[in-house]
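Dear colleague,

My notes on its contacts follow directly after it.

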Amino acid sequence: MKLLTKKLAAQLQRNARQRAAALAQGTPDPDPLPVVRFFNPLGSASWLATELDEDGILFGLADLGFGCPELGSFALFELEAIRLPLGLGIERDIVFEPVLPLSVYTYAARQCGAIVTAQGKLAIAASALCARQQDR
């Protein structure tokens, strides 16, 4: 199953080029918004990706459901090859709308022990912050 559209792949590759350029220039790494979220529809595994290199390797936050999300690389072709019961596979979250850079998702996921839990808490915090700003 193909998990990325051409548009998403282009954005992921653009982020990878920007990070490579920053490293080459000795400037701080960019902290982009995640571009895509993948998930296991039958389990708790979830991935947030910010980059894709020319070999099909993604970079981002991986949470396999063991309570210790971590930054790292994972292969797109391996995610696409996973076969789950009922004929399902890893899916792309088509309604995922990132609002914060990857570092914030990473921090929150590590505090909560899971990307999904962190996303819920971040959404609640963002909603409260928006409400507070509207009250001013």
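Asp 93 counts as buried at 16% relative accessibility (buried is under 20% relative accessible area, exposed over 50%, partly exposed in between; 1.4 Å probe, protein chains only). This is a predicted model, in which local features need pLDDT of at least 70 and side-chain atom pairs count only at pLDDT 80 or more, while totals for chains, interfaces and linings use all residues. Residues are numbered from 1 along each chain as its sequence is written, and side-chain values use heavy atoms, with hydrogens and water left out.

Asp 93 forms a salt bridge with Arg 37, the closest N and O atoms being 2.9 Å apart (a side-chain nitrogen of Lys or Arg within 4 Å of a carboxyl oxygen of Asp or Glu). Arg 37 is likewise buried, at 10% relative accessibility.

The structure holds two salt bridges. In the other, Arg 19 pairs with Glu 51, with 2.7 Å between the closest N and O atoms. Glu 51 is buried, its relative accessible area being 6%, whereas Arg 19 is partly exposed at 24%. The charged end of Arg 19 also sits over the ring of Phe 59, 4.8 Å from its centre (NZ of Lys or CZ of Arg within 6 Å of the ring centre and within 35 degrees of the ring normal).

Glu 51 is also among the residues touched by Leu 12, as are Leu 4, Val 35 and Leu 58, not counting residues up to four places away in sequence (contact means heavy atoms within 4.5 Å).
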